[in-house]
Each structure stands twice: as structure tokens, then as C-alpha cells.
Amino acid sequence: MTNNTFPCFRVHFHDGKTFDIAAANSLIAERKARAAHPGGFVKKIKLIPEKEAR
């Protein structure tokens, strides 16, 4: 990545909700997703390829 934008991560919760979050790393993306969906359990976090993001 040559630009200063953060990569986009897709955070999946066990209840079926998903969030696409731009963050420096997956731990920060998880923290932001948990703030947006408190009480949910994270199932997986995937890095979204740049061509799919936004």
C-alpha cells in the first residue's frame, strides 16, 4: 500500500451481523466493531481486498 489509507476489515459476529471497518490492524477493527455492536461475540475477521472495499 503506497497511500496512507487503512485497509478494510470485515468483522463477522455469531448472530449474523457484519461490519466493514477501516483500521490499521485487525485488533483495532475488532475493537471498533464491538463498540458498534456491544454484547456480540466475534466469529471471524477477514481482510477485504482493495478492489472489493468501498
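Pro7 counts as buried, because its relative accessibility is 19% and buried means under 20% relative accessible area (exposed is over 50%, partly exposed in between, with a 1.4 Å probe and protein chains only). Pro7 lies in the segment before β1, which covers 8-13; strands here are DSSP runs of E with at least two residues, helices are runs of H or I with at least four residues, and both are numbered from the N terminus. Although Pro7 and Ala23 are 16 residues apart along the chain, their C-alpha atoms are separated by 6.1 Å.

A word on what you are looking at: this is a predicted model, in which local features need pLDDT of at least 70 and side-chain atom pairs count only at pLDDT 80 or more, while totals for chains, interfaces and linings use all residues. Residues are numbered from 1 along each chain as its sequence is written, and side-chain values use heavy atoms, with hydrogens and water left out.

Now let's follow the strands. The sheet is open, has three strands in the order β2-β1-β3, and pairs them antiparallel; two strands pair if DSSP finds at least two bridges between them. β2 (18-22) and β3 (42-48) are the edge strands with a single partner each, so one side of each has no neighbour in the sheet. From one strand to the next, the twist averages 25 degrees. The helix α1 packs on this sheet and touches β1, β2 and β3, its direction making about 50 degrees with that of β1. Such angles run from 0 to 180 degrees between N-to-C directions, with axes as lines fitted to C-alpha atoms, for helices over the stretch in contact. Between the antiparallel β1 and β2 there are five bridges, and Cys8 has Ala22 of β2 as its bridge partner.

Next, the interior. Nonpolar side chains in soluble globular proteins tend to be buried together. The largest nonpolar core here consists of eight residues: Phe9, Val11, Phe13, Ile21, Ala23, Ala29, Ala33 and Val42. Such a core is a set of buried Ala, Val, Leu, Ile, Met, Phe, Trp, Tyr and Cys residues joined through side-chain atoms within 4.5 Å. β1 and α1 (26-36) each supply at least two of its residues, and β1 gives the largest share, three residues. Beyond four places in sequence, Ile21 touches Pro7, Cys8, Phe9, Ala29, Lys32 and Ala33, where contact means heavy atoms within 4.5 Å.

Finally, look at His12 in strand β1. His12 counts as buried because its relative accessibility is 16%. Leaving aside neighbours within four places in sequence, His12 has contacts that include Lys17, Thr18, Phe41 and Val42.
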